[in-house]
Amino acid sequence: MKVAIVGYPNVGKSSLINRLTGTREAVVHERPGITRDRKELDCEWNGRSFTLIDTGGVDFEDEDPLAGSIRDQARAGLADAQVAVLVVDARAGVRPGDQEMADLLRRSPLPVIVAANKCDGVAELPLAADFHRLGLGEPLAVSAAQGLGSGDLLDRIVELLPPGEREPEDDTIRLAVIGRPNVGKSSLVNRFLGEERVIVSDVAGTTRDAIDMPLLVGERKLILVDTAGMRRQSKVADSVEYYTTLRSQRAAERADVALVVCDAADGVTAQDLRIAELAMKASCATAIVLNKWDMQERAEDNAEGLSVTGGRLDLEHERGRVAEKLRLRPRVLTASAKTGRHVARLLTETIALGDRMAGRIPTPELNRFLAEAVQARQPPVGSRRGASGHRLKLIYMAQIGERPPRFAIQVNSRARVTRDYAYFIENRLRARYGLDGVPLIIDFVERGQRGARGRARAA
């Protein structure tokens, strides 16, 4: 069940959503026009679960193309909802923009609640009465800042919602699409969804929030998260960009898989590598996407292997550089959001990475792997105090966790695992079971000890 929150710019829609959900997920700023795309946030009240749709401020008089896109997104949010909440500024009174929005809602089949926001004290409660003339029923006085009337608003929403329960999403893969500004993240998300779900513009920084969108690929459920572009910290210009970047980072922390989108014209830049490392440290399976591949000049009969000369990209060079710089060794894929080239392959890779994050490897197979790894390269001689000259022995291996995969290797208690040998085991494990781009945790546990020592972690 979904509830669309709509209204004129800067009336406090995002602040009200944060109050109702008890979160700070929606970006709030005193500057109007901060919210642009529609963002969905889960809410629960009196045992009833539903989704609030945060939309951008609708101004029918604004002729800017971006304002037109925001209006389209608000209309799409209303089409997807079962209840609408029109948020108005009680202190400003009824404005022409409120009247136009009310006209649109009166023609809609949705039940509508008028929330007169910014009634921050008892003395301001009578201001809500002015909005009776919108013709949408009894307005509710609320205060997103103080919480006044929020319980009454939630009661009214639950009362108007049709019966029904949300379907469980236990096997859903959360996919975060992250990257620098203006590399085509939103275009790629729209191509995944097959519709203009998020606003696309040539202006860098158009996306300002992390937007969750459901997607069904065959029988697999995905939640797509489009995020704001992440610049280097020194280049973040203002507080709005700071908070949108922070939300992009949190989106990666909540995701199972991250696609780090790069501009193929630039190759994989140092900032792209930093963003990939951020996703990996959040224990997120990762792949790197060179978007806008249609803009690359293609060598004859070899669309994937281009030379560096003439400003063209050497794909194999980029893959080698990523493998050298990033410990998780994520795959480097090419795609074009504009033409749709290889976009379906990105979703296939996402599902595969999500499955590897949640998968388990049988213990007998892991112990065969361990024996072969030891045969290929003998463990080092221990240098720990009291253990000089004693070679490390790897005795037993088992998987003890998933999301991300976690393994325990029992070792003899007389020697210490070197970092170099831990990396050797980790890299062979990736190669053997196709775990490139998947964060791994390997605990080396001394026999007879309950704790883990010499832990090697990929993050």
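**Entry 1: the α10/α11 crossing**

I opened this predicted model at helices α10 and α11, whose crossing is right-handed. By class, I count ten nonpolar, no polar and four charged residues in the contact of α10 with α11. I then looked up the geometry. Helix α10 covers residues 363-376 and helix α11 covers residues 419-433. Their axes come within 11 Å and cross at roughly 125°. That angle makes α10 oblique to α11.

Which residues of α10 and α11 meet? On the α10 side I listed E365, L366, F369, E372, A373, V374 and A376. On the α11 side I listed Y421, F424, I425, R428, L429, R432 and Y433.

**Entry 2: the α5/α9 packing**

Next I took helix α5 (residues 185-193) and helix α9 (residues 343-358). At what angle do they pack? I read about 85°, with the axes 10 Å apart. Roughly perpendicular covers 65 to 115 degrees, and α5 and α9 are therefore roughly perpendicular to each other.

I noted the contact residues too. L188, R191 and F192 of α5 meet V343, L346 and L347 of α9. Five of the residues in this contact are nonpolar, none is polar and one is charged.

**Entry 3: the whole chain**

I stepped back for the totals. The chain has 459 residues, and 52% of them are buried. I find eleven helices and 16 strands in its secondary structure. I also checked contacts between residues at least 6 apart in sequence. Of these, 69% join residues at least 24 apart.

**Entry 4: the six-stranded sheet**

I traced an open sheet of six strands, in the order β2-β3-β1-β4-β5-β6. Its pairing is mixed. Which strands stand at the edges? They are β2 and β6. Each has a single partner strand, so one side of each is left without a neighbour in the sheet.

I followed β3 (residues 48-54) through its pairings. Strand β1 (residues 2-7) runs parallel to β3, and four bridges join them. There I found K2 opposite T51 of β3. Strand β2 (residues 39-45) runs antiparallel to β3, with seven bridges between them. In that pairing E40 stands opposite I53 of β3.

I also looked at the hairpin of β2 and β3. Two residues lie between the strands, and N46 takes a positive phi near 55°.

Is β3 mostly covered or mostly open? I find it mostly covered, with six of its seven residues buried. Helix α1 (residues 13-21) lies across β1, β2, β3, β4 and β5. I read its angle to β3 as about 165°.

The bridge partner of A116 in β6 is A141.

How accessible is A141? I read 21% relative accessibility, so A141 counts as partly exposed. The buried cut-off is under 20%.

I listed the contacts of A141, leaving aside neighbours within four places in sequence. They are A116, C119, L125, A128, L148 and G149. I also took the C-alpha distance from A141 to A90, which is 8.0 Å across 51 residues of sequence.

**Entry 5: G97**

I moved on to G97, which sits in helix α3 (residues 96-106). G97 counts as buried because its relative accessibility is 7%. G97 and G57 are 40 residues apart along the chain, and I find their C-alpha atoms separated by 9.8 Å.

**Entry 6: backbone exceptions**

I ended with a backbone check. Most residues other than glycine have a negative phi, and most peptide bonds are trans.

Where does N10 lie? I find N10 in the loop between β1 and α1. Its phi is positive, near 65°. N10 counts as partly exposed, at 35% relative accessibility.

K118 also has a positive phi, about 70°, although it is not a glycine. I place K118 in the loop between β5 and β6. K118 is partly exposed, with a relative accessible area of 22%.

Which peptide bond did I log as cis? It is the bond from R403 to P404, with omega near 5°. P404 is in the loop between β13 (394-401) and β14 (406-411).

Definitions and conventions
Residues are numbered from 1 along each chain as its sequence is written. This is a predicted model: local features need pLDDT of at least 70, side-chain atom pairs count only at pLDDT 80 or more; totals for chains, interfaces and linings use all residues. Side-chain values use heavy atoms; hydrogens and water are left out. Axes are lines fitted to C-alpha atoms, for helices over the stretch in contact, and angles run from 0 to 180 degrees between N-to-C directions. Angles under 35 degrees count as roughly parallel, over 145 as roughly antiparallel, 65 to 115 as roughly perpendicular and the rest as oblique. A crossing is left-handed if the near helix is turned anticlockwise from the far one by less than a right angle, and right-handed if clockwise. Contact means heavy atoms within 4.5 Å. Ala, Val, Leu, Ile, Met, Phe, Trp, Tyr, Cys and Pro count as nonpolar, Asp, Glu, Lys and Arg as charged, and the others, Gly among them, as polar. Buried means under 20% relative accessible area, exposed over 50%, partly exposed in between (1.4 Å probe, protein chains only). Two strands pair if DSSP finds at least two bridges between them.
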